[in-house]
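Let's take a friendly look inside a protein.

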Amino acid sequence: MTNLLEMKKLVIEGFTDENWIEIVHGIDLTLDRGEVLGLIGESGAGKSTIGMASMGYTRQGCRIASGSIVFDGTELVDAKPQVKKSVRGRRIAYVAQSAAASFNPAHRLIKQYAEAPVKHGLMSFAEAAKNAIEIYRNLLLPDPERIGYRYPHQVSGGQLQRAMVAMAMACRPDIIVFDEPTTALDVTTQIEVLAAIKSITRKYNTAAIYITHDLAVVAQLADRIMVLRYGELVEENNARELLANPKEDYTRELLSVRTLREEKDLSASEKHVILEVQNVSASYTGKDMVLEDIDLKVRRGRTVALVGESGSGKSTLARVITGLLPPATGRILYRNEELPPALKSRTRESLRQMQMIYQMPDTALNPRQKIRKIIGRPLSFYFGMRGQECEDRILELLNMIELPDHYIERLPTELSGGEKQRVCIARALAANPELIICDEVTSALDQLVAEGILELLQNLQNKLKVSYLFITHDLATVKAISDEIVVMLQGRIVEQGVKKEILTPPHHEYTELLLSSVPEMNPDWLDNLLQKRKESLEEV
């Protein structure tokens, strides 16, 4: 039987430092009709580069140096532009990691859905709009007859990601390349998207390349898995066999992430409380409350994990604590002293004591400034450091985050995702704070890199006694790093306590939903979970 897609000895090069450097080293890949192939590996493994190459496409600054890519009997490497154009979007579609960044905010969803089939001459706009309703319904999007007439900002993250899957299905392609489509989603939303992807590919017998760094996620979808590292194949096997009997050490490492554990004395002491949130409610409009009656405490040297799905109010609470959003009611106490509600009214010293690390290091760092200036700025702002004193402290901070001294001369664009996040940590530490608010700091990182970041944060906490308010939707991260857990739903706290208590049944029903939504390294897990939830609904 002829493969739908076949790559042979594929070599791809990237242009850097005035030279072409090989980044994909002679990869062989096959894909049959209706088959789902998982590409897994950490950042820089070449997953996305190989996935895009299936369309005969490379990003700017990359080129296919040698090898063959044959799609349904057509060689794509040296194909004419019009041949590639007829394939892309129509016969091979692509679903990006960030739907929010991929949709045009100025156009309704239905217009963007219809663009490809109309442009390829497959149907009229009216036919595409009618067709969209069927796909939206199959993807379990709410109000399928009307949701297409909303703008991207008018739907949730999970709904937008499913709308992107619908857009990829518009031309009924033979292959869809899914590039980390659930990485930035909370666990409950991720289940919806995974279930939708699995349903749609099965129904239309669509082949797929599913790119991810999460083996537990790919286990739910893939028939076969290829493990990649540094542009080379590490291991390949059918999904069940690879998960049950990984042959290579690197695959075993991917299977064993989030093993970080540390037991602490968690006996409560009021004298160790450094941050207290008392009866806080907040609103963006002055009318509808997005936070209601929030009470929590953070103690010195502890990690409090703030958990909940998108829209639960986690990041809004961080904005209130840092003074970016004044509360409607309630107050924020730091070391038993009330902080002014607004950031501009707070003293420089109170600003120094409370730092923040953001989710996306790419947007948190100025791409035009060298690491010296990025880390040096809080040193000069808070402590007036200059010259050699400042230089020595920057090098000391680089040593703390386990980056070499010569990185001081680098730009953020010259660093990997994990290295950028380490620089963000160093910038926060430069202020010598007592409390750091970590807002989804590992959600955009692959699992091995995230494990390294969590271990670094833990070591720094042990050494410096710094406290963390750790905002996340990743329950594996919560289990690894937290001392206490606060569970939020629709702007309210539904459960809080020390980790052992919260993770031990019986749970609040929402906590149970979160815990049951964490993918397991079992190919049958998703199907079993969906069946169990279906049966529960039928019993109601």
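This is a predicted model: local features need pLDDT of at least 70, side-chain atom pairs count only at pLDDT 80 or more; totals for chains, interfaces and linings use all residues.

The structure holds 1 cavity of 30 Å³ or more, and Tyr136 is among the residues with the most contacts inside the largest nonpolar core.

**The cavity**

- The volume of the largest cavity comes to about 40 Å³.
- Its lining is made up of Val307, Leu475, Val478, Ile485, Val487, Ile502, Leu503, Thr511, Leu514 and Leu515.
- Sorted by class, that lining has 9 nonpolar residues and 1 polar residue, with no charged ones.
- Three elements each supply at least two lining residues: α18 (475-481), β19 (484-489) and α20 (509-516).
- Which element gives the largest share of the lining? That is α20, with 3 residues.

**The nonpolar cores**

- The largest nonpolar core has 53 residues, and those with the most contacts inside it are Tyr136, Phe178, Tyr210, Leu215 and Ile225.
- Helix α6, which spans residues 157-169, gives the most to this core: 7 residues.
- Apart from this core lies another one of 41 residues, including Met385, Cys390, Tyr407 and Cys438.

**A closer look at Tyr136**

- Leaving aside residues up to four places away in sequence, which residues does Tyr136 touch? They are Leu109, Ile110, Tyr113, Leu141, Pro144, Ile147, Gly148 and Ala166.

Notes. Residues are numbered from 1 along each chain as its sequence is written. Side-chain values use heavy atoms; hydrogens and water are left out. On a 1 Å grid over the protein atoms alone, a cavity is a set of points where a 1.4 Å probe fits but cannot get out, and a pocket is an open set with protein on both sides within 12 Å along at least five of seven lines; lining residues have an atom within 4 Å of a point. Grid points are joined across faces, edges and corners, and a volume is the space filled by probe spheres set on the points. Helices (H or I, at least four residues) and strands (E, at least two) are DSSP runs, numbered from the N terminus. Ala, Val, Leu, Ile, Met, Phe, Trp, Tyr, Cys and Pro count as nonpolar, Asp, Glu, Lys and Arg as charged, and the others, Gly among them, as polar. A nonpolar core is a set of buried Ala, Val, Leu, Ile, Met, Phe, Trp, Tyr and Cys residues joined through side-chain atoms within 4.5 Å. Buried means under 20% relative accessible area, exposed over 50%, partly exposed in between (1.4 Å probe, protein chains only). Contact means heavy atoms within 4.5 Å.
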